Amino acid sequence: MKIEQKDIEYIAYLSRIELSENEKETFIHQLSDILSYIETLNRLNTETVEPLSCAINTTNVFREDMLEPSTPLKDALLNAPASQSVFFKVPKVIE
Amino acid sequence: MEYEVVIGLETHAELATVTKLFCGCSTRFGSEPNTQVCPVCLGMPGVLPVMNRKAFEYALKSAIALNCKICEFTNFDRKSYYYPDLPKNYQISQNYHNLGIDGYMDISVQGRGNRVRIHNVHLEEEAGKLIHPEEAGADYSLVDFNRAGIPLLEIVSYPDMRNVTEVESYMQTLRKILLYTEVSDCKMQEGSLRFEASISLRKKGADTLGNRVEIKNLNSMKSVLKAIDYEAKRQANSLDRGEPIDRETRLWDEVNEKSARMRSKEEAQDYRYFPEPDLLPVVIGGKWIDAVKMTMPELPLARKQRFMEVFKLSDYDTGQLVEEKILADFFEDCIKIVDRPKAFCNWITNDLLREVNERKLDIHHLPVRPKQMAALVEIIEKGTISSTIAKEVFSEMIQTGKDPQAIIEEKKLAQISDEGLIEALIVKIISGNPAVIEDYKKGKKNALTFLVGLVMKETKGKANPKMVNELLQKKIDV
């Protein structure tokens, strides 16, 4: 499968990242290579094999509905690029 | 042109767990922002979500209450999209193996039964809350992640509704089911219960569906109904002008009572759903389903029908009783003590509800207990107090939480049925009002009512009115 310029631009848009023309060129080749590599798997006949979404053969793992301590406010905001009093601060969201 | 309106609803209900879906942070409403967060619900790298058993069981219980087929094998999927209220940039939801599918809910529309099919019921996590500053020209928004990760139940109906009356009944019935099963507190003012409507129009008699428009930002049941009315008219006008309806999402503007187009929505495949690798699948066996069914309470519609049949109460009265589970429970507790269903039904639907509304009481913490309510009804039946005095006693019970007997003794409210006492009073009143007696004798019959009133006033309403009437008549007529 060949990745084209518009595919890269679309993926970049969905991921909200800006790419330079050089970067686009790089990623077109890299992604195409990855996809061709994955495509070799298609040569295998998997008709009778159930799709697997989890590598561990375990099910029904739960925790009980019990309170655990939360992170202190100042630590919670520590990694935020911007904050204001008790809030995370983000660029204006318009709907 | 005549159109048929086709309506489907998506409902989100926050589940009533103590902690979030994948971490031990509290779900308490109204705490200081960003104090109920941790690395898991803030989406820090390397953390591992672990499913809250109670949340999963609440979702399962809801799916069973909504008559869904339960998927024996379910797992969770990542729904990727970028929005500042979503810390991980994906929401853990269900897409490929929803917990429950192909269910239905029976609703009652103006006394007639109607069935709305449920497309699916699934479990997902709540997003954070965005705050838009009111100051003019502010170029930022603020985020509170206390809500992020709270377990959220999504219930998707088929587009089986045709008018707002059906939609209203659907919303109220669903709310009642969620309250009866105790999976959500359904507080709309706190955002625990939210609705989104999708609406399309088609020519009367057509069997294909038109393009549907989704309406978001509906904060109350009333705004859902208003928004549907508005949207149906808007689409009809466009179609009449020959303009096509775009598939879009619109936001309801509560203040101006109209909707506006939201910026173009990413198409479904752009969510790039894929199985959540950090969570293990859940296998739901028959035994588990049976165990949940054992905990299923009698649902509102069944309870209403039982009340009508067993207690011979009206459609309207039973409707009011089952509207709140707590009221229906209260009613049943009362009749276990004294078997007077009609009397309790009247006290609860009239007096109790009026006091609750006027005094803005919390229905879950009523100051009157069933035992006290039953005692009051017994006292009235014995004739100790009149029904007018009973209302006064009841009001006092609501204010003080005291037993009716104590209030009657304290305020000396017991009915006066002492013939000698009443007769003495009547003699006094008759001699004090010769003109009124004259009127009565001339044929002015309502003069008697006036005199009865005077006796009642003299006894502060405590004289047995029937006795007063009879004795008064006897005295004057001689």
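Chain B has a radius of gyration of 30 Å, whereas a compact globule of 478 residues would have one near 23 Å. The radius is taken over C-alpha atoms, and the globule rule is 2.2 Å times the number of residues to the power 0.38. This is a predicted model: local features need pLDDT of at least 70, side-chain atom pairs count only at pLDDT 80 or more, and totals for chains, interfaces and linings use all residues. Residues are numbered from 1 along each chain as its sequence is written, while chains are lettered from A and ligands numbered from 1 in the order in which they are written.

**Chain B overall**

- The C-alpha trace of chain B spans about 95 × 55 × 55 Å along its principal axes.
- Chain B holds 15 helices and 17 strands; these are DSSP runs numbered from the N terminus, helices being H or I of at least four residues and strands E of at least two.
- Buried residues make up 38% of the 478 in chain B. A residue is buried if 20 or more other C-beta atoms lie within 10 Å of its own, exposed if 12 or fewer, and partly exposed in between, with C-beta atoms placed from the backbone.
- Take the contacts in chain B between residues at least 6 apart in sequence: 68% of them join residues at least 24 apart. A contact requires C-beta atoms, placed from the backbone, within 7 Å.

**The nine-strand sheet of chain B**

- Nine strands of chain B form an open sheet with mixed pairing, in the order 3-7-8-11-1-12-13-14-15. Two strands pair if DSSP finds at least two bridges between them.
- Strand 3 (69–70) and strand 15 (258–261) of chain B are the edges; each has a single partner strand, so one side of each lacks a neighbour in the sheet.
- Helix 2 (residues 164–180) of chain B packs on this sheet, touching strand 1, strand 7 (100–109), strand 8 (112–125), strand 11 (151–157) and strand 12 of chain B. Its direction makes about 115° with that of strand 7 of chain B. Axes are lines fitted to C-alpha atoms, for helices over the stretch in contact, and angles run from 0 to 180 degrees between N-to-C directions.
- Helix 3 (residues 221–240) of chain B lies across strands 1, 12, 13 (213–218), 14 (248–253) and 15 of chain B, at about 25° to strand 12 of chain B.
- Strand 1 (residues 3–14) and strand 12 (residues 193–203) of chain B pair antiparallel over eleven bridges. In that strand 12, Leu193(B) stands opposite Ala13(B).

**Where chain A meets chain B**

- The contact draws 31 residues from chain A and 42 residues from chain B.
- On the chain A side, strand 1 (62–63), helix 3 (73–78) and strand 3 of chain A each give two or more residues. Strand 3 of chain A has the largest share, five residues.
- That side of chain A divides into 16 nonpolar, seven polar and eight charged residues. Ala, Val, Leu, Ile, Met, Phe, Trp, Tyr, Cys and Pro count as nonpolar, Asp, Glu, Lys and Arg as charged, and the others, Gly among them, as polar.
- Strand 3 (residues 87–91) of chain A runs antiparallel to strand 10 (residues 140–144) of chain B, joined by four bridges. Pro91(A) has Tyr140(B) as its bridge partner.
- Strand 10 of chain B is also joined, antiparallel, to strand 9 (residues 129–131) of chain B by three bridges. Here Leu130(B) partners Val143(B).

**Chain A**

- Asn57(A) lies in the loop between helix 2 and strand 1 of chain A. Asn57(A) is exposed, with 7 other C-beta atoms within 10 Å.
- Asn57(A) and Lys92(A) are 35 residues apart in sequence and 45 Å apart in space, C-alpha to C-alpha.

Definitions and conventions:
Two residues are in contact if their C-beta atoms, placed from the backbone, lie within 7 Å.
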